[in-house]
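Please read the points beside the sequence and the model.

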Amino acid sequence: MGMRGELYTTQVVLDNRSYFFNVKENRTGDVFLQVVESKNKNGDEFDRHAIVVFADDMQKFCKGLEESLGFIEKDRKTKAKAKAEKKAAKEAKYGFGAADAKTGKKKVYRKKETEDERPAYKSPVKKTGRVHVVSKLPENK
């Protein structure tokens with residue numbers, strides 16, 4: 001048996017969080033799962049939260065987790081289907097028209113400008129209207 005009754009440990013590292021799945025045994029011999037979330041705060045400190053699920057309750061816990069995951073997957077598929085239907089309705093209303101059938105990219109049509117319609121030359125320097133003044137202090141004599 002490992003340190004502090006640990007039988008098995010695995011870690012999942014994400015962007016700014018880590019999850020530890022620890023299978024432990026207490027002094028009375030009860031086996032349980034400890035799930036710890038560790039979140040980095042300010043680079044120095046860690047915010048840690050843990051839940052404990054005992055072996056007797058594991059089936060109920062897993063059933064609830066599976067139901068939640070099933071809901072998430074069903075919701076994701078429903079949203080994807082609604083998005084596809086919205087896109088199909090838009091294409092039916094406006095037609096494929098400005099899009100190239102082979103590439104699916106939209107064609108852009110621009111009006112040709114004459115000499116008189118062209119805008120005047122614009123400087124690439126962005127003018128913000130702010131003025132930066134540098135003043136020199138008088139030298140000590």
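1. Of the protein's 141 residues, 9% count as buried, where buried means under 20% relative accessible area, exposed over 50%, and partly exposed in between (1.4 Å probe, protein chains only). The model is predicted, so local features need pLDDT of at least 70 and side-chain atom pairs count only at pLDDT 80 or more, while totals for chains, interfaces and linings use all residues. Residues are numbered from 1 along each chain as its sequence is written, and side-chain values use heavy atoms, with hydrogens and water left out.

2. The protein contains one helix and four strands, and from the N terminus the elements follow the order β-β-β-β-α. Helices (H or I, at least four residues) and strands (E, at least two) are DSSP runs, numbered from the N terminus.

3. The four strands form an open sheet in the order 1-2-3-4, with antiparallel pairing; two strands pair if DSSP finds at least two bridges between them. Strand 1 (6-13) and strand 4 (45-54) stand at the edges with a single partner strand each, so one side of each is left without a neighbour in the sheet. From one strand to the next, the twist averages 15°, taken from axes that are lines fitted to C-alpha atoms, with angles running from 0 to 180 degrees between N-to-C directions.

4. Strand 3 (residues 31-41) and strand 4 run antiparallel and are joined by ten bridges. Within strand 4, Asp 47 is the bridge partner of Lys 39.

5. How many aromatic pairs does a search of the whole structure find? The search finds one; rings of Phe, Tyr and Trp (its six-membered ring) pair if their centres lie within 6.5 Å, and planes under 30 degrees apart count as stacked, over 60 as edge-to-face and the rest as tilted. The ring centres of Phe 32 and Phe 54 are 5.4 Å apart and the planes stand at 50°, so the pair is tilted. This pair links distant parts of the chain, with Phe 32 in strand 3 and Phe 54 in strand 4, 22 residues apart. Phe 32 is buried, at a relative accessible area of 14%, whereas Phe 54 counts as partly exposed at 36% relative accessibility.

6. Helix 1 (residues 58-94) gives the most to the nonpolar patch, with five residues. Leu 65 lies in helix 1 and, at 43% relative accessibility, counts as partly exposed.
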